[in-house]
Amino acid sequence: MYAKNAWKKYEGNAKVVFDFCEGYKDYISVGKTERLCVEEAKRLAEAKGFKPLESFKTLKAGDKVYAINKGKNIACFVIGKKLVEEGLRVLGAHIDSPRLDIKQNPLYESNGFALLDTHYYGGVKKYQWVTIPLAMHGVVFLKDGTNIEVHVGENDDDPVLGIGDLLIHLAADQLQKTGAKVIEGEDLDVTVGNMPLKDSEKDKVKANILAILKEKYGFEEEDFLSAELEMVPAGKARDYGLDRSMIAGYGHDDRVCAYTSLMAVLDTPIVEYTSCAILVDKEEIGSVGATGAQSKFFENVIAELISKQGEYSDLKLRHAFENTMMLSSDVSAGFDPLYPGANDAKNAAYLGNGICFNKFTGRGGKGGANDAMPEYFAKIRNILDNANIHFQTSELGRVDQGGGGTIAYILGNYNMNVIDAGIAVLNMHAPMEIVSKVDVYETYKAYIEFITKL
Ligand code: MN
Ligand code: MN
């Protein structure tokens, strides 16, 4: 069903939508970092009988397998009736979200306060990140290899952290600045203390914070060098709207597509083609490095699958990719009634109209886009219409207004068919993003159709 509101289909039966979304709310409330998203995905997969790839000597139809890369990617597979070299059905989403990362030499004292310096990650409107409660999540690796996990700000009795802004009474100069400059990157420093340590000589407030870090967590100032600490909005995802039709939360981009992709694969036992949900890191900064979509991790895992189904060859691997069909499961920009001018209304994504396909994203004449094949999208339209799934298509805003990235073209480079398909989000990249519950459920259903029928 193209471009029609999906709630109508669930009249009298909305409970199935609301119940599914409770699982998703739990997922993003726990998954505040890419590492936590992987851990939670692993837990969900194991609960459904998935086992680590290395525990299989050979693979047969119906086997449920997962592989984890450096704690930041996970790929879950249900082995199909056909051999892997005949192609897979892949749902790929990213689990990194915009945030503020603690710098490697972050801690300083100024005018009686201890602060931590940050460097923002991904595209953020910096002014949105001040005067809100922030939590800190991450890891600190000691020289001996010990991993210390840090989680502060989520429990009711935890303190929260935050970033200050100038009081309105004295902001005459600040308010003359443009939105991009009103809060500057180097001013996104997190306040962590204001109480001096007795008997310390200088920087007494900083000394007190260091004493707390040592006592509570067991690390020292120099250990920030090998830490990965992320400042994110504190608190759980919540229902949004008096009708509870939406979810307000941090990190919908793109954990909402990660969760729906993951659950589609976990909930679908045996299929014709091997199904896969892969969750990747680093999309927000270009999909680079060992844990981004450009990593060889995925290729290596597919090679392992082939080798566990018989004789491995490079040609089989190439065939596997070429025969694969993929959805780049990523969010789209929802049409905002307060800012209608940012979109071409007839090529925009509306909350409530179901899964959204972007034939292309990119910016300025489709730059950087994966421009999907129309033959491919025709097949997808057919299976969705046959299953009465609500779907819509959109562009990422008006021509020349801006744009966005994707992992689609990276997998497209393997000569597989890929199209961007996911959930419309309001306030994208803000500390509080919004999605429609019916879109979350309809997208999950669409992903199941994709892996079972295409
Ligand atoms: Mn995204
Ligand atoms: Mn994004």
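**View 1. Asp-253 bridges the manganese ion (ligand 2) and the manganese ion (ligand 1), which lie 3.5 Å apart in this predicted model.** The manganese ion (ligand 2) is coordinated at 2.0 to 2.6 Å by Asp-253 (OD), Glu-284 (OE), Glu-284 (OE) and His-429 (NE2), where donors are N, O and S atoms within 2.8 Å of the metal (3.2 Å for Na, K and Ca) and water is not among the atoms, so sites may look incomplete. Along the chain, these donors follow the spacing D-x30-E-x144-H. Glu-284, in the loop between β13 (274-280) and α5 (297-307), and His-429, in the loop between β21 (424-425) and β22 (433-436), are 145 residues apart; helices (H or I, at least four residues) and strands (E, at least two) are DSSP runs, numbered from the N terminus. Glu-284 counts as buried because its relative accessibility is 14%, buried meaning under 20% relative accessible area, exposed over 50% and partly exposed in between (1.4 Å probe, protein chains only).

**View 2. Asp-63 lies in the loop between β1 (51-52) and β2 (64-69).** With a relative accessible area of 9%, Asp-63 is buried. Leaving aside residues up to four places away in sequence, Asp-63 touches Phe-56, Thr-58, Phe-77, Val-78 and Ile-79, contact meaning heavy atoms within 4.5 Å.

**View 3. Leu-166 is placed in the loop between β8 (147-152) and β9 (190-193).** Leu-166 counts as partly exposed, because its relative accessibility is 43%.

**Notes.** Residues are numbered from 1 along each chain as its sequence is written, while chains are lettered from A and ligands numbered from 1 in the order in which they are written. In this predicted model, local features need pLDDT of at least 70, side-chain atom pairs count only at pLDDT 80 or more, and totals for chains, interfaces and linings use all residues, while side-chain values use heavy atoms, with hydrogens and water left out.
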